[in-house]
Each structure stands twice: as structure tokens, then as C-alpha cells.
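Trainee: I've got a new model open and I'd like to learn how to read it. Could you walk me through it?

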Amino acid sequence: MGASLTRAAQWTTASSGSTGKLEITPINESLLKDILHFVEQFGLRHPQEAAHVFEEPLQWTCTLVASDFNTDYDISHADVRSQENDGKGHPLLRLSPPTVAVGSFSQLSKLVQLAGDRGLTEVVACLEGMKLKAEGPEQAQDSEVKVQLFLLLQQLDNQLIKVGVRPWAVKNEVELLKGFCSEGNKRVLKSVRYTSDYEFSNGCRSPPWRQVHGEICYLVVEPCDKDPLHVTCSKAGVFLNQGLKQAAETEDIYTKTSDTYADLSMLLKSRSPHFAENFNIQERLPSTQKVQHVEPVGAEEQGQPQRSCKHQEKNAPKMARRQEHAVNTTSSKKKLEPSLKWKNLGLTAPFDEAEQKKPSKGSGKGRAGETQEKMLRSESKRKANFSLASLPAHQSSQRSKTEELFSESSSESEEDEEQPDRRPKSNMDLPSEYWQIQKLVKYLKRGDQTATVIALCCMMDFNLAQETCQMAIRDVGGLEVLINLLDTEEIRCQIGSLKILRKISQNSQIRRAIADLGGLQTMVKILDSPVVELKALAAETIANVARFRRARRTVRQYGGIKRLVELLDCAPDAATLSEEQEKEVEAARCGALALWSCSKSTRNKEAIRQAGGVPLLARLLKSPHENLLIPVVGTLQECASEGSYRVAIHSEGMVKDLVTNLNRDNEELQMHCASAIFKCAEEKQTRDLVRQYQGLKPLVSLLSKADNKQLLAATTGAIWKCSISIENVAKFQEYQTLDILVGLLTDQPEEVLVNVVGALGECAQGAANRVTIRKSGGIQPLVNLLTGTNQALLVNVTRAVGACAADLDTMAIIDKLDGVRLLWSLLKNPGVEVQASAAWAICPCIQNTKYAGEMVRSFVGGMELIVNLLKSTNKEVLASACAAITKIAIDKENLAVITDYGVVPMLANLTNTTDDRLRRHLAEAIAGCCMWVSNIESFGEVRAVAPLVRYLKSQDRAVHRATAEALFQLSKSPNNCITMHESGVVKPLLVMIGSTDDVLQEAAAGCLGNIRRLFLAYDKARYG
Amino acid sequence: MSSLNRKLIQNLAETISKQVKHFNKTEVECLIRLFNGLMGDVAASGRAVHGLDRGRFRSILHNTFGMTDDMLMDGVFRAFDKDNDSFVSVREWTEGLSVFLRGTLAEKIKYCFDVYDLNGDGFISREEMFHMLKNSLIRQLTEEDPDEGIKDLVEITVKKMDHDHDGRLSFIDFEKAVKEENLLLEAFGTCLPDAKSILVFEQQAFQDPSER
């Protein structure tokens, strides 16, 4: 099975990074579904064979966890063992997360059934595991059963193999590629032809003596950018041969001269960059049609593979055809499920229409008039790019959906994808600039370089920041000309054009148009120019254009990141610079600007790091030039959202420079520095370094610049994160930061408030600070903030209020302000983080209120709310709810109420968890609920006791303590004692009696005492 | 003869290199040799010569620096030939090349202005501009007045560069415009070599004589 899959399925190539990952392609998907189906049914259909034990178990990384398994398995902790075992007592299935080892087909098929929806993922993981070992269960083959099993697998193999290359598949693909040859300027290939016109009845074109080698036909493919390729299509795949020219009429012509590829297009993609680039474009557009078309037809099509899609074949992409292909060849009757990715493109227009619309769509924004369209046609070399652009330009709503699917995450909110296309309604209200610009563009088009430069210089004199001028340039087709000028060798024209583009690209519509016209690709190429000024201008324009996700991706895909990083390589340390150095510093500044824009995409951050950007940025950070520092720090703070950068920032010694720059008198720079510290101070080392380099004081003094809200948000953020370290809190105390922070609790935008409250929450962990906050009047505004809606703010406010509630006097104030009720109502907040944080905050409130029992009772439905939180799936919510229940249960009356709400079985339901934090609070809650005597028996009835005993194996001391207490309480019931004893509680408890922790010791001893007494009583009763 | 000749060249190089800004003595010596090489056959014919004549100079501009426009090549010749004797002497040759290859922006502005000032009256007039720009636009057959585009181009150029509004460009106007926007240095046609041909020329000219 392994061998055949290696061939049939498309493994990603080594170049894409990982070794041996299965690509998610339709062909693989359908293969996988077949395998899944096969495995699932195997246990039922061939029970005898299924029971056969593999010589070596299959192993892979599994997503299943202990809780997914049913009663046929022994579950201890996270480990799972099957009760079924091989002759020698080894279980046939062994799960010790995350790896699972399976020893027979029966187990394999059970596992797949258990996995349910995740079956496919499991199969992928299993196959990937197999690929690494390069062997499947084929080893088993001596006894009859083994032979039978082997045959069954062979059968599946054959079934799967059929999906490999077959004559008609080759034929279809050739037809498809021929379709691409004919499309004039847009063509992807020059020609594709067979070497022989004669086709045998079996569909092969190769001579019979070669057919026995599995060869189907020979092709000559002429790519646009390479010499003709001589290709052999065989059943095993597609590869290059010697070709007739080189080896005259000997068998040598059949000699394989390349690797084997799964199909023709993959071979061509690897041989011809032009093909690879354009094929993907072609592939994207019409495919939606195709898939939607295939879907309803489904299995019916089996008999007549080409019937219904002939007219589409020409443009039908490989993808869709393969899917159909899979339906035809596999024997299963399941429906074809096209990947949702394509569905979402949602092209519903009839196929032909979409095809014809393309040119007009290509003209960007519709009705700019015929002249423009004509001009576009003449610019043939851009055609391919237009076709790429046409879909997004026309259907931006669909585009945004698909972009989400395709593209990487972005740390900054995307700029508005759809902007109303503003243009003058008629010629009457066109401004005079419009006509002047139109004239200049005419000269640009018709002029030689001298006239072009004059026209460019005159164009620069217009107010290019004004939207009318920007739109005028675009509407008269100036963008196309400007971008074309970038492709010339004339440096002065390139410079002039970039000087204009750099200004007009401030406009978001222009940015999109530039990207649509392929301007980014050209500008990335210009970054290789030897002329520094030119590079700087190109980088600056890229910085403007790359404000939206697609542009950023384009820059990365065309190798722009690496080149931009190279621009950073200059030596700007000297305060005075020569003219040449000044130019280099300017180029570095522009490079950093462009990287700053690009770094808003996660993958670009990674690309910058891989291109060696971090040390260069670190060096530039020491520069004395503020205008260079701003984009450098901007890039760093943007990238600091990634852990790798945060580590690099303190390991490369950048914290010191960030602190230094914090002291410069430039608010923008200060803001970015503070923001970088904000993000980096997640790491403890960074927090310590900020303190060591005396960075805390400047941060505090920046709080006085309360008018600049962005600066304030960054500064308070940095203070918040820094205050996670207690040593820093001490410093802040010294600088009287808390008073200032409390002052910032009112009349500030939310992004500031979140950070201020976060900082207060951290500081309030110390008792002295709680008093300070109370005394400076911080409680009232904090409690007021509990009524907000911002999730991040609520999480921080609840945390801060909870921390303050630890102080008795403060608690009195909170109670007076009705803060507990507000906290309680936040339990109904949809955000799980808010729920958890509110529940945590409630705990100290109950603890420190005098008549807590009454207070809790006064909240109508409050206790029911808390108990219902135990139904949550979020571990933090569960843990916090358990903690709150522990506090509520202190009051007997309330304990009775929550018992009525069924707290006992709900707690028991959670006992199987492996999360130590939850275990601890759960055990405490159980101990608390045992104060209601009948609950002790109830916990035994709902089987909560045995799982608790297992907690004693945990590594966490706090879990031991809580568990021992719970067990002590539970041991007051004889039945529970028996269960505990059976679960082996004695041994671990004996060890814990020796603990230095008094509470633990006492509880363990108490529990053992109860068990012992029971047995004594039993003995007494029996033997009297 | 040859040792005497070398001595002469060295002396000449010594004096010239003191007056020329951007070349050192060896480089000047190389340029003199090159000049003599270009003069070679004329000197051999025995006639009395003052330097490179217009035709010879233009062929160098054309072959080495890829210039094509006759009018501009004449302009370059005029800018080199400071004493207006229709010959570029060895001194004018080195001085001219100093600006041509390595000039500062200020020097280049002066040089370009000289090239564009076709009649040498110290102003670039509309007519001169028209002459220099007349081939810079591709003519369209449909146009009624084929020169209309050129005339308009001249107008917008004057509008942009003529700061004192006297309808023509003085050196001050030109200098100011170029300093504002460097791209306007060669506003009326290419008269300076590009980086690549400078590199090629310098490589050839300044090769160590012993290597030849």
C-alpha cells in the first residue's frame, strides 16, 4: 500500500520544506477517502484477516485523546490500551499521546470509526508515518491468512493505482494543454504535439515494444521560454527523454533524462517558469465552473467520462478534471465533494460569459472608455497579469472571501477592500488638471526619452496628493504607461515614473491598480538595479503599495523581501555622511519602510527573518538618524508579534537601543519603541532588560504626554507588560506610577484603558499597591468599567477588580458599589475569557465579604449560572467555576442550593480531565461540596472517586493537596473507601503522609485512617 | 624619438593635471596618449594640426558613447571647443572629458547649458528648444499640424523652467530648474554618457600602458 501510494498520491516535493507531507489536492483527497472507506469496512468484511497481527505496528501522531475511546479500551491518564491483544500480551492498540501504535487491521478500522469526522486526518497522519518508514503491512505473508490479507491489500493497491496515469488521462491532459497554446498573447505554451499520429486501440501511441514498458506516448512540448522538451508519458508518470535529434533512430531516444512527474503539467511547471506562473493563473479562473458542473453529475458520469464536459475541456483545469477522473476510476459510489475553496469563489455566471468578459474586466475598473481598452490590448506583455487581476477587480466581494482562505493571517486590520469608485459623472465637471494630465500622458506615450522626462517632470508639478490628479492619471491610462516605463532601461524615465508613483500610491485605489497591473513585480526587479536612488524610490513605492494583503503576498512571492532586506545593509553609524552614504541611508530608510508595510503579514515576518533581516535591523537601530529609526522600529514592533522576533530582540541586544530611543524627543519614534517593548515584554528576559537599562522611568514620564493617544496606548501597554515582573512593579511604585495610571482610568479610548487596567491588575497583585489604588480613588472607575463591552478590557478589569478584592477595605468599597453583582453578570458574557476572568474575580469577593452567603443568595439565579458554567468546554472557565463553587460551598445554605442544581454529577463529569490546574480546583470543589453530608455518598454513586485517586499520580503538589483533602472528605462514606482501596489509594497516600506539607499530610492520614477504621469494623463485625 | 615623446607627454600631463579637476596625472597621461592615438594618422601626414576636427570628434561620440543626434553632437563639440577654433585641442579634450565623465552637478549644468545653447548667445530660446525636441514625439498621421505637439511641449517646458518669465531660458533659469529636479539636466536630449559607457571608456582609456 505504501509503495503504490507513494506513486499515486502527490507528495510535496522536498523543496517546499517539509519532507513527506501529503499535499491537499483533490486527487489525494479522493484517494484518502478510498483508503478511509476501505479501512473502515475492513473489520466487518474480512474479520479473519483483520485479526492478523502486523509484524511491526503502524505508528503515527494521532489527534485522538483518551476521552475518544470507549469501553473496549483501558484508559489510564492519557494513555489508552486496547483490551484486545496479540498472543504475547501486548495490546494491539497503544495510545500514548500524541503517538499511537496499531498492530492489526481490526484495531485500525475501529480507530478510524472512533475518529469519526477526523478519520481523514488520521489516515493522512498514518500514511505520512508509513512514508517515513517506506513500508506498510506488506511484510506479513507466510500463513494463509497473511496471504489473504496481502491479496486484499493488493486489490486496493490496484484500485488506487488506476488513478495513476492512463492513456485517456494523458490524452485529456494533452488536449487541455493544447487549449492553452492557442490563446495568442496570453498563451502558456507555444505548442504541444504527439510524435506519432497513429493511436492504437488501447489509446497508446507508442510502438508496441515500448508499450510493454508501460509507455503510452511521446510528446514534443515547446514552452515559451525554453527549447522544446521531448516528453515520454508512461503509466508510471511523465519524464523527459533524449529526443530524436540527439540520438538518431536508436533506442536511446527512449532513455529517461529526468525525474518522473505525476503528470504533464507538473513536469512543465518544473521545467518552464513561464508555464508555472501562467498555468496557475489559467487554472484559477474557470475551475469554479468546472467543479460546480461536476458536482451534481457525480457518479452517473462513470460510463461516459467525456460526455458532458467536452466544450469545457479546453479550459478546464487539471484540478477539476482529476476529480472527475477519480470518480470514474474508483469503484466506490460516493459523491464527489469539491473543495469548498473553489465553491466560495461563487462564480455563477455561465461559462462563456465569464470567458468573454475577461478583456473588459482586465481594463481594471470597467468603463474607462474604449481608448483605454485599446491601449491595454497593445500592451501585450501585461496580458497574463491582467487575467490574474481580472477576477479580483470585478468581483471583489468574492475575492475577499477567497483571500481569507488563501492568504496568511494579518496582524493589522485590512484596509477597506471595496471602495466606492469615485469618478466624475460627465465631462462637464472634469477639472482642468484632468485635461492637462491627459495631454502629458499622451506625450509620455508618444515621446522619446527626452520628451518623456519633460512630461514626467511637468506631471510632478501637479499636486499629486490630491485625489482628482490621482484619479485623472489612472483614468487616462497613465498608470499603465508609468508602469511600463519601469520596464525600460532608461534610468531617468524609471526615476521620474517612480517619483510620481510613489506619491499617487498614497491612494488605495491607485495601489490596487498598480498591483493589478503587475507593477510590484517590476519594482521588485528594480531593487536589483545598481543605481541607489532608483532602488530607494522603488522601495518607497512598494512601501505604499504593500498596504493590502495581496500586494504583500506578491512582494514576497517575487523575492522582494530578500532584496528589501539587502537594502538595509549600509553603515549609517557616522553622524556626518558623504553624498554617497546619504543615498545609501535613504535607500535603507525606504527599504525599512517597505519592510514595515510588508511585515503586516505573518509570512512576510518569517521571510524577513529568513533573509537575515534581524541583525541588519539591530544594526540600524543604533543609527543616530531619526527618520531611519522610525521605520526600523516600526518594522520591529510589527514583527514582535512573533515569538522568534521577541527572542531575537533581547538576544541581539536590541532592548538597550529601544530604551535609548525611548529617550529621544520624537513622539512617533517613542511610540514605536514603547509598542515594541509592549510586545516584547511578554518575555521575562526582556522585562528584566528594560529595567536594567533604566527603561521604566522614561516609560512613566511618557505617561504625561496624554494628548497623543497612540503614544499613550503604546506606553501604557509597555508598562502593563513590564509590570508582570515583581521587580518592575517595585520600580513603578518608586516612580508613583499607580497614581498616574488611576488618573488615566477615565476619559481615555479603549485601547489605552485596556492597558492601564491591565497594568493596575498586575500591580494589584501586591498588597501595598492595592491600598494605593484604593487611596488614589481607583476602585470607583474600575467598577464602572465592568459595565463595558470590550472583551479585552473586561478581561483586564475583572482581573484587576479581583486582585483588589483581596484587600478587605477595598472589598467593602467594591461591595458598596455593587461590583460583585456586575462581576456576576459578566458570567453571562459570550466571551469565555471574560467568563473565566469574572469567575476568578468572584472568588476573593466571596471570601472577603462579611455576609457572603446572603450576598450570594441575593443574586437571583446567580448560583444556577455558576453551576451551568460547568458545562463549558473551556478548561479555564471550568477551573474558575470550580474555584467559585468552592467558595460558595462554604455557606451551608448555598451549598444546599447548588446541590439542588445538580452540582455533584456535573463535577463528577469533569473528573476525567488531565489538566492539572482544573484537577486542583475540581478536587477542591468536590471537597467543599462534601460538607453537605449526603453529597459524599452521591459522589460515590456518580463514580467520581476512582478518577480522583488517579490525580495522586500527577506531578503537581497543589493537585495532591486538593485531592487528598477531597479523598479525606469522601472517605467518610464506607462505599467510597472500598472504591478508593480498590483503585489503589493506599500506597500513594502512605507516601504523602511523609510529606512536609502539613495540610497534605493531615488529609492523607485522615483518609487512610477512615479506610483503616472501616476495615477494622468490618473485621470486627465478621469475626467479632 | 619615443623616449623624447614620452618625456613630452609627461611634461604636458604634469601641467594639464594641475588645471583639470577630476583626473590625476597618470589618467591625464593616458588621455593624452589616447588623443595622440586618435590624431595619429593626421599627424603622420605632416600637415599642421590643432586638434580633433568636428567629424573625428563626432565619430568618437557616436562610436564610443552611442550618441546619434547630429545637433546635439555639434553642441557637445561646441562645448568642448572652448576657443571656438573648430578643433578640440589636447587641453580642451582633457578638460572636456573631465566634466563629461566625472563632472559635478554644477559643472554638468554649465556643460549641458552650453550644449543646448545652439547659437551661443547665452540663452536657450523657444526656437532652439523646438529644434532640439522636434524629433522627440512620434508623429501621428491624423494630426492636422504635425508640429503642434512639439510646440506644446516647448510651451510647457518654458512654463516650467523659465523662472524670470522672459520667454527664454537663461543660465540662471536652467540652473535653478535642474537643481529643483535633477532629471531636467538633460532636458533637451541626451548629451552625457550613461554609467555603462563611462565605465567601458574609462576601463579602456586608463589601462596601464605597460599592459597594452
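**Reading the model**

Mentor: Start with confidence: chain B has a mean pLDDT of 85, with 89% of its residues at 70 or more (pLDDT is the predictor's confidence in each residue, from 0 to 100). This is a predicted model, where local features need pLDDT of at least 70 and side-chain atom pairs count only at pLDDT 80 or more, while totals for chains, interfaces and linings use all residues. Residues are numbered from 1 along each chain as its sequence is written, and chains are lettered from A in the order in which they are written.

Trainee: What ipTM and pTM does the model score?

Mentor: ipTM is 0.91 and pTM is 0.62.

Trainee: How many residues of chain A are in contact with chain B?

Mentor: Contact means C-beta atoms, placed from the backbone, within 7 Å. Here 16 residues of chain A meet 14 of chain B.

Trainee: Which element gives the most to that side of chain A?

Mentor: H19(A), with eight residues. Helices are DSSP runs of H or I, at least four residues, numbered from the N terminus.

Trainee: And how much of chain A is buried?

Mentor: Buried means 20 or more other C-beta atoms within 10 Å of a residue's own, again placed from the backbone. In chain A, 47% of the 1024 residues qualify. Helix H26 (residues 549–557) of chain A is mostly covered, with eight of nine residues buried, including A:Arg549, A:Arg550, A:Arg552, A:Arg553 and A:Arg556.

Trainee: What comes just after H26(A)?

Mentor: A:Gly559, which takes a positive phi of about 75°.

Technical notes
Two residues are in contact if their C-beta atoms, placed from the backbone, lie within 7 Å. Helices (H or I, at least four residues) and strands (E, at least two) are DSSP runs, numbered from the N terminus. A residue is buried if 20 or more other C-beta atoms lie within 10 Å of its own, exposed if 12 or fewer, and partly exposed in between; C-beta atoms are placed from the backbone.
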